[in-house]
Amino acid sequence: MISLSKFDIFQTPSFVLSDPKRTGGAFTLAAVAFCALCFLTELGSITRGQVKEMVFMDDQSNTEMYVSVYLDISVYPHDCKHISLDIQDSKGRLELDEHDQKEFTKRDIRNGCRFTGNLYVRPVSGNFHFTPRVSKQSNHSLDHTVHELRFGETFNFELLPNYIEVGSFLPIHRTFVQQERREGMTHDYFIKLVRTALEDDRSKSVIYPYQYTYTHRLFVGHHKGKPTPPKIYFRLDFSPLTMKFTRKHQHLWVFFTRQLALIGGVFAFVKLIYSVTLAINGTKFRY
């Protein structure tokens, strides 16, 4: 009966005939440690995935879609019955304190009124603003605290790549603005928004929050030569650009193939260095 050992093409010298050395052991341990470090690094990347980004034109101004605006703001020193929240845009929309009570509420607080909930605006030029309802209070200021102002869908901030700051989605966060000049001045916030798409190839879901920046100014409004009541304006300007971040994960077979190639390459390189080291040492002892 023919033995299988005759078909062995991976013949190696017997360990009894070999001459293991401490130097070889050190090289082996270094190679194993390096492979283990690379394995743990790649294991972390396969769980987190890699983020690819792109920017493209996606003008939403001609659509009938609405953008969700989550607003949490306290306005002083008026109570809720004396403050109106109005919405208007360049397409002719004008709503005077008309909001869905299920999604947007306002309640009296100490020396003021707190507005909390979701508004819906078109992705076109427009604004929403707070106006005192009683003209005799027009000489008062409108101090306010913006607890949170967020545009678009909510999402898990862990989906963002490391180089994108969370603050770009919440730049106006827990901001208290107090009247520092004379009373009756209007607060004007200019907000520039960029639509952002966050996609995950595992869940096959796409979320659309908005990044934004803002500037703030104070001025006294006039109408027919007379000062107008103070207001708080949030003017919106939507960019036609969309930034898309796609998180892609490696397949397991790709991961293991890369690890096998890495291990083979590391040990082949270490063996080459070790052989060169032995040859140099042998040459020194010979001469």
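The pLDDT is the predictor's confidence in each residue, on a scale from 0 to 100. In the present structure, which is a predicted model, the mean pLDDT of the protein is 78, and 76% of the residues reach 70 or more. Where pLDDT is low, the predicted coordinates should not be read in detail.

The protein contains two helices and 15 strands. Of its 287 residues, 37% count as buried. The accessible surface comes to about 18400 Å², and carbon and sulfur atoms account for 58% of that area. Among contacts with a separation of 6 or more, 81% are between residues 24 or more positions apart.

The largest nonpolar core comprises 30 residues, and those with the most contacts inside it are Phe-128, Phe-130, Leu-149, Ile-191 and Phe-234. At least two residues of this core come from each of S2, S3 (83-89), S6 (112-121), S7 (126-132), S8 (143-151), S10 (186-200), S12 (210-219) and S15 (232-248). Strand S2 gives the most, with five residues. Leaving aside neighbours within four places in sequence, Leu-149 is in contact with Val-69, Tyr-70, Leu-71, Phe-128, Phe-169, Leu-170, Ile-172, Ile-191, Tyr-212 and Phe-234. Another core, of five residues, lies apart from the largest one and includes Phe-155, Phe-169, Leu-198 and Phe-245.

Nine salt bridges are found in a search of the whole structure. One of them pairs Asp-72 with Arg-114, the closest N and O atoms being 2.9 Å apart. Because Asp-72 lies in strand S2 and Arg-114 in strand S6, the pair ties together parts that are 42 residues apart in sequence. Asp-72 is buried, at 9% relative accessibility, whereas Arg-114 is partly exposed, at 21%. A salt bridge is also formed between Asp-89 and Arg-122, with the closest N and O atoms 3.2 Å apart. Here Asp-89 belongs to strand S3 and Arg-122 to the loop between S6 and S7, so the pair ties together parts 33 residues apart in sequence. Both Asp-89 and Arg-122 are buried.

The side chains of Asp-188 and Arg-217 meet in a further salt bridge, at 3.1 Å from N to O. This pair links distant parts of the chain, with Asp-188 in strand S10 and Arg-217 in strand S12, 29 residues apart. Asp-188 is buried, with a relative accessible area of 0%, whereas Arg-217 is partly exposed, at 41%. Together with Arg-235, these two residues are linked in a network of salt bridges.

Val-276 counts as partly exposed because its relative accessibility is 41%. Phe-267 lies in helix H2 as well and is partly exposed, with a relative accessible area of 35%. Not counting residues up to four places away in sequence, Phe-267 touches Ala-31, Val-32 and Cys-35. Phe-267 and Phe-27 are separated by 240 residues in sequence, while their C-alpha atoms are 9.3 Å apart in space.

Two features of the backbone concern loops. A cis peptide bond, with omega about 0°, joins Tyr-76 and Pro-77; Pro-77 is found in the loop between S2 and S3. Asn-111, a residue other than glycine, has a positive phi near 60° and is found in the loop between strand S5 (104-109) and S6. Asn-111 is exposed, with a relative accessible area of 55%.

Terms used: Residues are numbered from 1 along each chain as its sequence is written. This is a predicted model: local features need pLDDT of at least 70, side-chain atom pairs count only at pLDDT 80 or more; totals for chains, interfaces and linings use all residues. Side-chain values use heavy atoms; hydrogens and water are left out. Buried means under 20% relative accessible area, exposed over 50%, partly exposed in between (1.4 Å probe, protein chains only). A nonpolar core is a set of buried Ala, Val, Leu, Ile, Met, Phe, Trp, Tyr and Cys residues joined through side-chain atoms within 4.5 Å. Helices (H or I, at least four residues) and strands (E, at least two) are DSSP runs, numbered from the N terminus. Contact means heavy atoms within 4.5 Å. Accessible areas come from the Shrake-Rupley method with a 1.4 Å probe; for residues, only the protein chains shown count as cover. A salt bridge is a side-chain nitrogen of Lys or Arg within 4 Å of a carboxyl oxygen of Asp or Glu.
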